[in-house]
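Here is a quick walk through one structure, written for someone meeting it for the first time. Have a look at it, then read on.

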Amino acid sequence: MSHLHTHQGAEGTGYAQPSPLASAETLNIPDGLRRQRLPALPRLSEPEVVRHYTWLSTRNFGIDTGFYPLGSCTMKHNPRVNEVIAQLPGIADIHPLQPESHLQGLLCIFYEMQEMLATCSGMDAVTLQPVAGAQGEFTAIRCIQEYHRMIGQDGRTKVIVPDSAHGTNPASAAMAGYEIVEIPSAEDGRLDLEALRTAVGDDTAAMMITNPNTLGIFEPDIAEASQIVHDAGGQMYYDGANFNAILGKTSPGLMGFDAVHYNLHKTFAQPHGGGGPGSGPIGVKKHLVDFLPGPIAKRVPLRKDEPETEVSDAWRYHWWRPSKSIGKVQQWHGNAGAIIRSWAFYRRYGNELETMTEHAVLNANYLRHRITSEAESQGVADSFNDGAPADVVKHEFTLSLAPLKEAKGVGAMDVAKGLLDHGYMAPTVYFPLVVPECVMVEPTETESKEVLDAFAANFVKVLQEDAETLHAAPKSTPVGRVDEVHAARNLWLKHDTEQEE
Ligand SMILES: *Cc1c(COP(=O)(O)O)cnc(C)c1O
């Protein structure tokens, strides 16, 4: 290392440069802002750093290493061609402050994405600003709130959610200042229209619901539910996390919704979870358009005297900011990379988008039947079986392990941990809350019959393992059973060991 000069300036270390390249400049940082001591970062060479991160990557489980049946979160394969497109220099190397004339390509992509999302959801306008489903929920609920204020209806203080709702629904509404009214599901896991009729009133601002619901069951009475809420003067909000079940088949617009969010990282293409950031655009009906956060991509016909642009001889694209906007919810133009990957994904499907939906639904139903036909004797109850028409679910399904828990003290968590030892990512557990000892599985559209058969066989094997083994699982993973309660209550995110208690 003698030929290397380890740079020990005020900004700390962690890298080394040959001395001729090191800057001789003294940094002009006021004393009060300088660190008094170096941060406790490990001082390592490049090969050591590379080996460390490569080793870490082999301890991780991802959709690229195995089957990832996480219900509700739609962990789908993200085609690599989208990465190639997102990294094209004309896309990756532009700056958001460049003039519109430089950004015609990006504006065109954003415009097309807005139009495609509006079309598939039956909405009138879309903003690509929010960067998560939850942020989309909050943004749309704020638009609804401003709309009510504008028409003199600010006495509407309550938002209705079914008891099977994702936690972000009541959380988003509460953040906007609303009181939450929870309504119970009916016996068959569906929306209870009587409970809804009782809950609505002139204080109802909105109802938030996903369809198919979080049990993977389609709500056939959704149009009637929309009618009930609208008659009371409320707005209908569609949680789009389950779009994989209906795209190209039906739309929230047809069901009577006023606003929706799309989780591009679930339904379209953007690696998520540990794999990357999300994108949660929202779509709204006409009466809510003025409140959307901008900028939104628009286009106008080229005038006769205007030269054609890089991307079109008919249109010029520009940014538009709605007049009564609730304000920005994200810097710049939203999460551009996620939007571009999802645009590429959508363009490749085109009018055949419904084949994606069909395969997702077929896979879920096939796997559900494989598991339930083999596992019923093992203590697995097919939750809400009786209520589902023709015994069909949409893109995901829930099972209750309550009988197994009763019989041998093995719950959903134990089975999920047991599956890790068989080389699978755990399914979602204990959600939705209305199913006791719930296991929720969503295979997505890209898995083969072989993968689904093998998973079903391994699922049944896990159910047959003895309680002792399952309580101790997982044994084969780098980290064994973790104490989630301790981790959540005593969150410790600092790398600086000196600050450890
Ligand atoms: C994932 C999810 C959300 C929230 O979306 P994020 O993008 O994770 O913020 C909302 N509702 C349902 C049903 C979901 O599955």
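Strand E3 and strand E9 (residues 282-284) pair in the antiparallel sense, over three bridges. Within that pairing, Ala125 sits opposite Val284 in E9. Strands here are DSSP runs of E with at least two residues, helices are runs of H or I with at least four residues, and both are numbered from the N terminus. Two strands count as paired if DSSP finds at least two bridges between them.

Before going further, a word on what you're looking at. This is a predicted model, where local features need pLDDT of at least 70 and side-chain atom pairs count only at pLDDT 80 or more, while totals for chains, interfaces and linings use all residues. Residues are numbered from 1 along each chain as its sequence is written, and side-chain values use heavy atoms, with hydrogens and water left out.

Back to the sheet. E3 and E9 belong to an open sheet of seven strands, running in the order E3-E9-E8-E7-E6-E4-E5, with mixed pairing. Strand E3 (125-127) and strand E5 (179-183) are at the edges with a single partner strand each, so one side of each has no neighbour in the sheet. From one strand to the next, the twist averages 20 degrees; axes are lines fitted to C-alpha atoms, for helices over the stretch in contact, and angles run from 0 to 180 degrees between N-to-C directions.

There's also an open sheet of three strands, antiparallel, in the order E12-E14-E13. Its edges are strand E12 (397-400) and strand E13 (428-429), and each has a single partner strand, so one side of each is left without a neighbour there. Helix H12 (residues 353-375) packs on this sheet and touches E12 and E14, with its direction about 15 degrees from that of E12. Contact here means heavy atoms within 4.5 Å. E13 pairs with strand E14 (residues 438-441) in the antiparallel sense over two bridges, and Val429 stands opposite Val439 in E14.

The loop between E13 and E14 holds Pro432, and the peptide bond from Phe431 to Pro432 is cis, with omega near -5 degrees. Another cis peptide bond joins Ala473 and Pro474, with omega about 0 degrees. Pro474 is in the loop between helix H16 (467-472) and helix H17 (484-489). Most peptide bonds are trans, and most residues other than glycine have a negative phi.

Which residue has a positive phi although it is not a glycine? That's Ser72, at about 80 degrees, in the loop between helix H1 (46-58) and helix H2 (81-86).

Ser72 is also one of the residues surrounding the ligand, along with others including Glu137, His166, Asp239 and Lys266; a residue belongs here if one of its heavy atoms lies within 4 Å of the ligand. Some polar contacts (pairs of N or O atoms within 3.5 Å) are listed below.

| Residue | Atom in the protein | Distance to a ligand oxygen atom |
|---|---|---|
| Ser72 | side-chain N or O | 2.6 Å |
| Ala134 | polar backbone atom | 2.8 Å |
| His265 | polar side-chain atom | 2.7 Å |

On its own, the ligand has 380 Å² of accessible area, and the protein covers 89% of that (by the Shrake-Rupley method with a 1.4 Å probe). Helix H5 (133-150) and helix H10 (264-267) are the elements giving two or more residues to the shell, and H5 has the largest share, three residues.

Methods:
Polar contact = N/O pair within 3.5 Å; in protein donor to acceptor, adjacent residues only side chain to side chain.
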